[in-house]
Amino acid sequence: MTGKITIIGAGEVGATVAYACMIRDVCRHIALHDIQKTKVESQCLDLNHGLQFVPMATIEGSDDIGICAGSDVIVITAGAKQKPGQTRMDLAGANAAICKTIVPQIVKAAPDAILLVVTNPVDVITYVTLKLSGLSKERVLGSGTVLDSSRFRFLIAKRLKVAVQNVHAYIAGEHGDSEIPLWSTASIANIPLHQWAVMHHGKLSVMDRTEIFQDVKTAASQIIQGKGATNYAIGLATARILEALLNDENRILPVSSLLSDYYGIRGVCLSVPCIVNRSGVEQALAIPLNPNEEAGLKNSAEAIQAAIKSLGF
């Protein structure tokens, strides 16, 4: 597995992305950048001490942005951390300001890299990064609702006592309060979820659906309340997106990208299932939506657009 990724921000999320990439053998060169020299060097030392137990890789860190040079993909995790009681949108101003400083430096150091944004609010920051970078829309994407969709599938699988890998269901829109569940196209083993009624495995009631979606929306808050940050699942989700990019997989993932005419939505970054490969985001798939889902997606787009405008973009 060749290639180089650089992770901007060596906090809990950035370090966990690096750790997940090491274990999954995502690439052979992992670099971390952070403005705190001691922190980034300590994270790299800790990761390097585990090299004996994973596929061979070069892991290095620096407070010099030049470490990005030669990267195939740059993962942006730097930013203010969500605190208990805060929404992701509350972080928009502070994290957009960080992007204004760091994005031009990144593009100068690694002009050919794809930019993968994880910093919240991810849809807003993906749009800001796209505009600041001057790159094509294919080469800037956000982690979007890849994690939300994983939480969604886990909760469905748990209720119906099936393996999460056999559940196919997406959360779309904002990675945040206005996101929507795509129940109409959800399925298990090619059986539409609304038709699922298997002995000993039950079926989902309206109440079940309401509770599952509520748990998806409040998952991050629950975790932040309990341990201060979400890092493991987003680390694994980001590693999965990186595999799709570096291995040219043409994998379908609900990443955040700029939509040009998606059910009438344009000029905003949000998540819908997209084909992801070595070029970045190839295209968004026009999956069937019922009228409620379409309305929900448009409402989500409006919420993100309002936040973008409030930042002057």
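Me: Contact means that heavy atoms lie within 4.5 Å. With that in hand, which elements do the buried residues of α1 pack against?

Reply: First, a word on the source: this is a predicted model, in which local features need pLDDT of at least 70 and side-chain atom pairs count only at pLDDT 80 or more, while totals for chains, interfaces and linings use all residues. Residues are numbered from 1 along each chain as its sequence is written, and side-chain values use heavy atoms, with hydrogens and water left out. Helices (H or I, at least four residues) and strands (E, at least two) are DSSP runs, numbered from the N terminus. Buried means under 20% relative accessible area, exposed over 50%, and partly exposed in between (1.4 Å probe, protein chains only). Now to your helix: the buried residues of α1 pack against β1 (4-8), β2 (29-33), α2 (37-48), β3 (58-62) and α7 (232-246).

Me: Which residues of α1 are buried?

Reply: In α1, they are G14, A15, T16, V17, A18, A20, C21 and M22. Just after this helix, D25 takes a positive phi of about 55 degrees.

Me: How do I read the length of a helix, and what span should α1 have?

Reply: The expected span is 1.5 Å times one less than the number of residues. Helix α1 (residues 12-24) has 13 residues and should span 18 Å; its end C-alpha atoms are 18 Å apart, so the two agree.

Me: Is α7 largely enclosed or largely open to the outside?

Reply: Twelve of its 15 residues are buried, so α7 is largely enclosed by the rest of the structure. Those buried residues are I234, G235, A237, T238, A239, R240, I241, L242, E243, A244, L245 and L246. Just after α7, D248 has a positive phi of about 50 degrees.

Me: Let me step back to the whole chain. How many helices and strands are there?

Reply: The protein chain has eight helices and 16 strands. For overall size, we use the radius of gyration, taken over C-alpha atoms, and the globule rule, which is 2.2 Å times the number of residues to the power 0.38. Here the radius of gyration is 19 Å, close to the 20 Å the rule gives for 313 residues, so the chain is as compact as a globular protein of that length. Its C-alpha trace spans about 55 × 45 × 40 Å along the principal axes, and buried residues make up 51% of the 313.

Me: How do I read a sheet, and in which order do β12, β15 and β16 lie?

Reply: Two strands pair if DSSP finds at least two bridges between them. These three strands form an open sheet in the order β12-β15-β16, with antiparallel pairing. The edge strands are β12 (251-253) and β16 (280-284), each pairing on one side only. Strand β15 (residues 274-277) is joined to β16 by four bridges, and C274 stands opposite A284.

Me: What about P288: where is it found?

Reply: P288 is in the loop between β16 and α8 (291-310), and P288 is exposed, with a relative accessible area of 56%. Beyond neighbours within four places in sequence, its contacts are S184, T185, Y263 and E293. P288 and T185 are 103 residues apart in sequence and 7.3 Å apart in space, C-alpha to C-alpha.
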